[in-house]
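This briefing covers aromatic contacts, charges over rings and nonpolar cores. The model is shown below.

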Amino acid sequence: WKEYPLIMVHHRLRFYQNSERFDCPSLRKLASEPEIEVHPQTAQGLGIKEGDWMWLESYQMKGERVKGRARLVPEMHPNVVSISQGWWYPEITSPDHGIYEYNVNTIISDGPPFEEFNGHHQMRGILCKGGKV
């Protein structure tokens with residue numbers, strides 16, 4: 001908790017399914033960047049304002065960070081942040097299309113602990129920390 005004081009969950013933007021349709025121009029007009037939902041009080045403590053680029057790092061993948069635009073959500077619990085999933089940019093010409101910079105999956109381990117009910121790796125409730133880019 002001292003080093004990673006936030007709990008990370010992720011959400012899906014309704015325009016996209018998993019990592020699909022990020023190459024669709026009409027959808028990109030509706031949601032063009034990854035977002036990180038954060039309580040205004042938490043954002044203030046991190047020196048972040050609405051629309052600022054911010055980063056998240058999980059305890060599972062120390063040293064690896066992804067970024068998104070801060071969206072201040074008063075309804076969020078102050079200890080929880082939610083990042084939109086699946087981001088990549090087809091216009092980035094590198095082979096990874098920016099996933100290591102924007103895609104939350106790159107800071108989530110696919111190893112244990114596994115979910116008891118389905119054996120899947122942990123994807124929600126992951127301790128993390130964040131800051132302003």
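There are 3 aromatic pairs in the structure, which is a predicted model. One of them joins Tyr89 and Tyr102, with edge-to-face geometry, 4.9 Å between centres and 70° between planes. This pair connects distant parts of the chain, its two residues being 13 residues apart.

**Aromatic residues**
- Tyr89 belongs to the loop between strand E5 (80-84) and helix H3 (99-102), while Tyr102 is in helix H3.
- Both Tyr89 and Tyr102 are buried.
- Together with Trp53 and Trp87, Tyr89 and Tyr102 make up one aromatic cluster.

**Charges over rings**
- Lys67 lies over the face of Trp53, a member of that cluster, at 5.4 Å from the ring centre.
- Arg65 has its charged end over the ring of Trp55, 3.4 Å from the centre.

**Nonpolar cores**
- The largest nonpolar core has 17 residues, and those touching the most other members are Met8, Met54, Leu56, Val81 and Ile83.
- At least two residues of this core come from each of strand E1 (6-11), strand E2 (35-38), strand E3 (53-58), strand E4 (66-72), E5 and strand E6 (126-132).
- Beyond its neighbours within four places in sequence, Val81 is in contact with Leu6, Ile7, Met8, Val9, Ile36, Glu37, Val38, Leu56, Met76 and Cys128.
- Another core, of 10 residues, lies apart from the largest one and includes Leu13, Phe15, Trp88 and Tyr102.

Terms used
Residues are numbered from 1 along each chain as its sequence is written. This is a predicted model: local features need pLDDT of at least 70, side-chain atom pairs count only at pLDDT 80 or more; totals for chains, interfaces and linings use all residues. Side-chain values use heavy atoms; hydrogens and water are left out. Rings of Phe, Tyr and Trp (its six-membered ring) pair if their centres lie within 6.5 Å; planes under 30 degrees apart count as stacked, over 60 as edge-to-face and the rest as tilted. Helices (H or I, at least four residues) and strands (E, at least two) are DSSP runs, numbered from the N terminus. Buried means under 20% relative accessible area, exposed over 50%, partly exposed in between (1.4 Å probe, protein chains only). A charge sits over a ring if NZ of Lys or CZ of Arg is within 6 Å of the ring centre and within 35 degrees of the ring normal. A nonpolar core is a set of buried Ala, Val, Leu, Ile, Met, Phe, Trp, Tyr and Cys residues joined through side-chain atoms within 4.5 Å. Contact means heavy atoms within 4.5 Å.
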